[in-house]
Amino acid sequence: MKKMLTLVLSVAAVCCMAQQAEVRIDVDGLKSGVALTPVKSPPFYVGNASWLSDKKECYLIVSGGKITKDWTEMEFSFVPENDGTVSLVLRGPWYKPGTEVNNLPVWVAYDDLTAVGAEIKNPGFEEGNPASSGFFDGWGGDPSNMVVGKDDSKSGKNYVKVWHNVPVRQEITVKKGQQVTIKFSIKAIAVE
Ligand SMILES: [Ca+2]
């Protein structure tokens, strides 16, 4: 019994040292100079980039949420204050514990995005032929982000997996004063 309790406690300790998988999505209007006003979107924190010295109102971060190994549908909103294009950047959480020099990977998967007030191309990662074009149509990213031909997709056979430093992105067009709501499915995944 004592041995079992010790085992349980040590498993619990390992479990709680790991970073909880979370949503982290950035909306980047720095290049186009589109200012982005956060809209309260619980359970997320939605806010401008306080660490930037210049144009922080043109960069929005969305973080938090309880992510599990099952697909969960979530959404957040913002209001663009100018016409233009902004980059939607799908990441995982920032995780740099203790004395680590570099940010560590916490992988999460996204599938089935939709937008109200803007358009997302290839929202389920099912269009085109990534084997010949190099990546999912309409999106930019690293080959390590691609999950192709998998039955555990939220929709179809494909989705993306990302972590903070290896994101997937798409340019979307926004209109002044037209609120944008981004909906998506996300799950935590264990990756090397
Ligand atoms: Ca899909």
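Strand E1 (residues 23-28) pairs with strand E6 (residues 84-91) in the antiparallel sense, over five bridges. Within this pair, Ile25 stands opposite Leu90 in E6. Strands here are DSSP runs of E with at least two residues, helices are runs of H or I with at least four, and both are numbered from the N terminus; two strands pair if DSSP finds at least two bridges between them. This is a predicted model, in which local features need pLDDT of at least 70 and side-chain atom pairs count only at pLDDT 80 or more, while totals for chains, interfaces and linings use all residues. Residues are numbered from 1 along each chain as its sequence is written.

**Five-strand sheet**
- E1 and E6 belong to an open sheet of five strands with the order E3-E4-E1-E6-E10 and antiparallel pairing.
- Strand E3 (44-48) and strand E10 (168-174) each have a single partner strand, so one side of each is left without a neighbour in the sheet.
- From one strand to the next, the twist averages 20° (axes are lines fitted to C-alpha atoms, and angles run from 0 to 180 degrees between N-to-C directions).

**Six-strand sheet**
- Six strands form an open sheet in the order E2-E5-E11-E7-E9-E8, and the pairing is antiparallel.
- At its edges are strand E2 (36-39) and strand E8 (146-147), each pairing on one side only.
- Strand E7 (residues 108-116) and strand E11 (residues 180-188) run antiparallel and are joined by seven bridges.
- Val108 stands opposite Ala188 in E11.

**Whole chain**
- The protein chain has two helices and 11 strands.
- Of its 192 residues, 30% are buried (20 or more other C-beta atoms within 10 Å of the residue's own; 12 or fewer is exposed, in between is partly exposed; C-beta atoms are placed from the backbone).
- Among contacts with a separation of 6 or more, 70% join residues 24 or more positions apart (a contact means C-beta atoms, placed from the backbone, within 7 Å).

**Nonpolar core**
- The largest nonpolar core has 39 residues, of which Leu60, Val62, Tyr110 and Val160 touch the most other members (a core is a set of buried Ala, Val, Leu, Ile, Met, Phe, Trp, Tyr and Cys residues joined through C-beta atoms within 7 Å).
- Beyond its neighbours within four places in sequence, Leu60 is in contact with residues including Asp26, Leu36, Val46 and Phe78.

**Lys157**
- Lys157 lies in the loop between E8 and strand E9 (159-162).
- Lys157 counts as partly exposed because it has 14 C-beta neighbours inside 10 Å.
- Not counting residues up to four places away in sequence, Lys157 touches Val148, Gly149 and Lys150.

Notes: Two residues are in contact if their C-beta atoms, placed from the backbone, lie within 7 Å.
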